[in-house]
Amino acid sequence: MFGQVSEDEALNTATWLFAGKCHLGLQKQKEGKTIQNTLEMLLHNRELSYDELAKRCGMTYNGIAKIAKQQNQSIQYATVEKITKVLNITANDLMGYFS
């Protein structure tokens, strides 16, 4: 479903996208689209609960739920790194522009 990239490409993309924090929702727009995360879809496709991901990432249920439901205004780079490592995805797989 998602393309694979090298570790260097993923790190460069993550650094560029998240340089500390990445603003979500209405904070960042591109041609009428907003940058959002795909965590809800990723968890659904993998039949993985917020609670299970939170445990694997060393995070709280509420932290994962807020990210998945687009309720955060920003997300820390360290959080993105934890989620992408546990799900074995890249930052590009986690984030994207949507209408």
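Q: Which cut-off makes a residue buried?
A: Relative accessible area decides, taken with a 1.4 Å probe and with protein chains only. Over 50% is exposed, and values in between are partly exposed. Buried means under 20%.

Q: What kind of model is this, and from which number does each chain count?
A: This is a predicted model: local features need pLDDT of at least 70, side-chain atom pairs count only at pLDDT 80 or more, and totals for chains, interfaces and linings use all residues. Side-chain values use heavy atoms, without hydrogens and water, and residues along each chain, as its sequence is written, are numbered from 1.

Q: In what order do the elements of the protein run?
A: Helices (H or I, at least four residues) and strands (E, at least two) are DSSP runs, numbered from the N terminus. The protein has 6 helices and 5 strands. From the N terminus on, the order is α-β-β-β-α-α-α-β-α-α-β.

Q: What share of the 99 residues is buried?
A: The share counts residues of the protein that fall in the buried class. Buried residues make up 36%.

Q: Why do the buried residues of α5 lie on the same side?
A: Helix α5 spans residues 77-87, and its buried residues are T79, V80, I83, T84 and L87. An α-helix has 3.6 residues a turn, so residues three or four places apart point the same way. The arc is that of the directions from the helix axis to the C-beta atoms.

Q: What arc do the buried residues of α3 cover?
A: The buried residues of α3 are Y50, L53, A54 and C57. Their arc puts them on the same side of α3, and it is only 100°.

Q: Which elements are included in the cover of the buried residues of α3?
A: The cover concerns the buried residues Y50, L53, A54 and C57. It includes α2 (39-45), α4 and α5.

Q: At roughly what angle do the axes of α3 and α4 cross?
A: Axes are lines fitted to C-alpha atoms, for helices over the stretch in contact, and angles run from 0 to 180 degrees between N-to-C directions. The axes of α3 (residues 50-57) and α4 (residues 61-68) come within 8 Å. They cross at roughly 115°.

Q: Which residues of α4 make the contact with α3?
A: Contact means heavy atoms within 4.5 Å. On α3, the contact uses Y50, D51, L53 and A54. On α4, the residues are Y61, I64, A65 and A68.
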